[in-house]
Amino acid sequence: VFDDLLTAGEQAEPLVSWKEFEIRRFNKAIYLLCKDSGSLPGDAVCFDAALPLNLSVGTLQSVSQKGGGLLASGESLSVRGRVGGEKMQLHGKTRSLKKILQEQGVPPWLRDKLPLVYCNDVLVAIPGVKRWQVQPLVARGYGAEPHQQGLSLWFEEN
């Protein structure tokens, strides 16, 4: 079993699992993780960016930022989990969420637990995750300009 973990191809994401723990390989490192049953709610949850949002998988919070982050426009925001097929406008191109999360270095086990921020039905922000050195992203057209107040969104997993 451990041979599979160590000798799997570079692009593979091998996993050895027990009742309460699992061992995973990601980016040439091995991680021992507690299995948890936390997940994001199935329906959208209102997000008041002025307050931390405690979810069973972790906490989403915002930090005020002049000239960067999500434009603090007063529009209502909501948080949802991944369902598959999401897309986001970044740097003038529409990209799949799957590809964005891979390129950002979000570990596979965290991708379904990462809260996604929506304005109406548009995916406008993906929070950063400091533990994994993942920077927050904001969709094209929703970012704060240099003279505007914005919100830098961060997720801390449990």
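Trp 109 is buried, with a relative accessible area of 13%, where buried stands for under 20% relative accessible area, exposed for over 50% and partly exposed for what lies in between, with a 1.4 Å probe and protein chains only. The rings of Trp 109 and Trp 132 have centres 5.6 Å apart and planes at 75 degrees, so this pair is edge-to-face; rings of Phe, Tyr and Trp (its six-membered ring) pair if their centres lie within 6.5 Å, and planes under 30 degrees apart count as stacked, over 60 as edge-to-face and the rest as tilted. The model is predicted, and local features need pLDDT of at least 70, side-chain atom pairs count only at pLDDT 80 or more, while totals for chains, interfaces and linings use all residues. Residues are numbered from 1 along each chain as its sequence is written, and side-chain values use heavy atoms, with hydrogens and water left out.

**Aromatic rings and charges over rings**

- The structure holds four aromatic pairs, and one of them is the tilted pair of Tyr 31 and Trp 109, with 5.5 Å centre to centre and 55 degrees between the planes.
- Tyr 31 counts as partly exposed, at 22% relative accessibility.
- Ring pairs link Phe 26, Tyr 31, Trp 109 and Trp 132 into a cluster.
- The charged end of Arg 80 sits over the ring of Tyr 118, 4.0 Å from the ring centre, and Lys 130 lies over the face of Trp 154 at 5.0 Å from the ring centre; a charge sits over a ring if NZ of Lys or CZ of Arg is within 6 Å of the ring centre and within 35 degrees of the ring normal.

- Strand S2 (residues 21-26) and strand S3 (residues 29-34) run antiparallel and are joined by six bridges, and two strands pair if DSSP finds at least two bridges between them.
- Arg 24 stands opposite Tyr 31 in S3, while Asn 27, in this hairpin with two residues between the strands, takes a positive phi near 50 degrees.
- Glu 22 lies in strand S2 and counts as buried at 11% relative accessibility.
- A polar contact of 2.9 Å joins the side chains of Glu 22 and Arg 24; such a contact is a pair of N or O atoms within 3.5 Å, and within protein one must be able to donate a hydrogen and the other to accept it, with residues adjacent in sequence counting only if both atoms are side-chain atoms.
- Not counting residues up to four places away in sequence, Glu 22 touches residues including Leu 15, Tyr 31, Leu 33 and Lys 35, where contact means heavy atoms within 4.5 Å.

**Glu 157 in S14**

- Glu 157 has its place in strand S14 (residues 149-157) and, at 17% relative accessibility, counts as buried.
- The side chain of Glu 157 makes polar contacts with the side chain of Arg 131 at 3.5 Å and with the side chain of Trp 132 at 2.7 Å.
- Leaving out residues up to four places away in sequence, Glu 157 touches Val 57, Gly 58, Leu 110, Arg 131 and Trp 132.

**Nonpolar core**

- Of the 37 residues in the largest nonpolar core, Phe 47, Met 88, Val 117, Ile 126 and Leu 153 touch the most other members; such a core is a set of buried Ala, Val, Leu, Ile, Met, Phe, Trp, Tyr and Cys residues joined through side-chain atoms within 4.5 Å.
- Elements that each supply at least two residues of this core include strand S9 (87-90), helix H2 (97-104), strand S12 (122-126) and S14.
- Ile 126 touches, among others, Met 88, Leu 97, Ile 100 and Pro 136, not counting residues up to four places away in sequence.

**Positive phi in loops**

- Asn 120, in the loop between S11 and S12, has a positive phi of about 60 degrees although it is not a glycine, and counts as exposed at 55% relative accessibility.
- Gln 133 lies in the loop between S12 and strand S13 (137-138), has a positive phi near 55 degrees in a residue other than glycine, and is exposed, with a relative accessible area of 69%.

How values were computed: Helices (H or I, at least four residues) and strands (E, at least two) are DSSP runs, numbered from the N terminus.
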